[in-house]
Structure formats: C-alpha cells, structure tokens
Amino acid sequence: MKKLLCILLLLPILSLTACQKEPPTVQDSFDLTFTVKQDDTDYAGTLTLGDGIMNITMTDPYTIEGMAFTYENGELTIGRGSLGTKANCDYLPAESIPASLYDALTYLSQAVYTESTDGSDSFTLPTPYGNAVLTAENGLPTSLQVPQSDLLFQFQPISEKGSS
C-alpha cells in the first residue's frame with residue numbers, strides 16, 4: 001500500500017516536469033531588412049547572416065545606398081557595386097551601424113532567453129560592451145538594442161518588406 005501511495009504522489013510531480021518545454025531559441029541564419037535612427041538620420045538596409053558570413057548592405061539614405069559591409073571569419077570587406085577592399089574592423093567606430101550589428105550578433109550563439117511577452121521572445125547577448133537585448137518571433141529577430149551605440153534596430157523578413 002505504501003508503494004502505491006508513493007507512486008500516486010510522484011505522478012503529479014513527474015507530469016509537471018514532463019510538461020516543461022524547451023525555452024525558445026533564435027535562428028542563426030536569416031535575411032532581414034532593418035531600420036535604425038542614429039542622431040537625426042534614418043538608416044535602412046539589409047542584413048544577411050548564415051554560414052559564418054554577415055553581410056550588411058545599406059539602402060537608405062541615398063548618400064550611402066549600396067555600401068556593403070561583409071564580415072567573414074573575423075575579416076571585414078567594405079564595398080559598393082563591383083568594388084571592394086579588405087579593411088581592419090578597428091577602422092569603423094564601435095558606434096557605427098555595421099560595427100554595432102556585427103559586435104552584437106557575433107554573440108547570437110550565446111543568446112540567453114529571458115522572457116516572452118505578446119508573442120515575442122526576449123534574449124540577452126553578452127557583448128563586451130554589456131548585454132544587447134534581442135527580441136524574436138518564431139526564432140526570427142524583430143529588434144535589437146545595442147549597448148555600445150544605444151541603437152535600436154527594427155527587423156523585418158525580406159519577403160515582407162513590401163507588405164504592411
């Protein structure tokens with residue numbers, strides 16, 4: 001009888017632990033558009049991440065349209081059109097848009113889930129400048145607050161760029 005009572009007491013505990021699901025995660029490859037405001041200027045671009053390569057291409061304002069920043073194996077290539085050159089990452093200020101994105105998203109594999117609200121999951125990325133805050137829906141980033149530049153990036157899948 002004691003064994004039966006112990007089993008009956010353990011069943012609710014086991015069922016509670018079995019129902020816990022894994023915390024949400026963030027995808028490690030994606031194609032997104034982004035918008036961000038720095039000082040009094042609105043910027044926009046595309047961000048492609050996958051296979052160890054991050055490509056940031058500016059689309060707005062028109063004065064920097066087409067500028068591309070590609071990070072591969074820790075090396076930076078800056079280009080526009082068919083022209084490009086390798087550059088030292090230190091040449092870009094830490095507060096610049098490409099450096100802010102790169103410095104934060106380099107830590108994407110170390111994202112720590114913090115909470116979920118209204119269908120969005122929040123994560124912290126442990127950058128050397130402090131924790132960046134990333135929000136995602138269904139694993140796809142929707143926003144990124146970067147500590148060293150205090151920039152707030154808003155993301156949208158490229159396929160949805162024209163809709164809204």
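Asp 42 is partly exposed, with a relative accessible area of 47%, where partly exposed covers the range between buried (under 20%) and exposed (over 50%), judged with a 1.4 Å probe on protein chains only. The model is predicted, so local features need pLDDT of at least 70 and side-chain atom pairs count only at pLDDT 80 or more, while totals for chains, interfaces and linings use all residues. Residues are numbered from 1 along each chain as its sequence is written, and side-chain values use heavy atoms, with hydrogens and water left out.

The structure holds two salt bridges, a salt bridge being a side-chain nitrogen of Lys or Arg within 4 Å of a carboxyl oxygen of Asp or Glu.

| Salt bridge | N to O distance |
|---|---|
| Lys 37 and Asp 42 | 3.7 Å |
| Lys 86 and Glu 75 | 3.6 Å |

Lys 86 belongs to strand E6 (residues 83-87) and Glu 75 to strand E5 (residues 75-80), so this pair ties together parts that are 11 residues apart in sequence; strands are DSSP runs (E, at least two residues), numbered from the N terminus. Lys 86 is exposed, at a relative accessible area of 56%, whereas Glu 75 is partly exposed, at 44%.

The largest pocket has a volume of about 170 Å³, and of the 14 residues that line this pocket, the closest to its centre are Leu 49, Gly 52, Ile 53, Met 54 and Tyr 102. Here a pocket is an open set of points on a 1 Å grid over the protein atoms alone, where a 1.4 Å probe fits, with protein on both sides within 12 Å along at least five of seven lines, and lining residues have an atom within 4 Å of a point; the volume is the space filled by probe spheres set on the points, which are joined across faces, edges and corners.

Methods:
Helix = DSSP H or I, 4+ residues; strand = E, 2+ residues; numbered from the N terminus.
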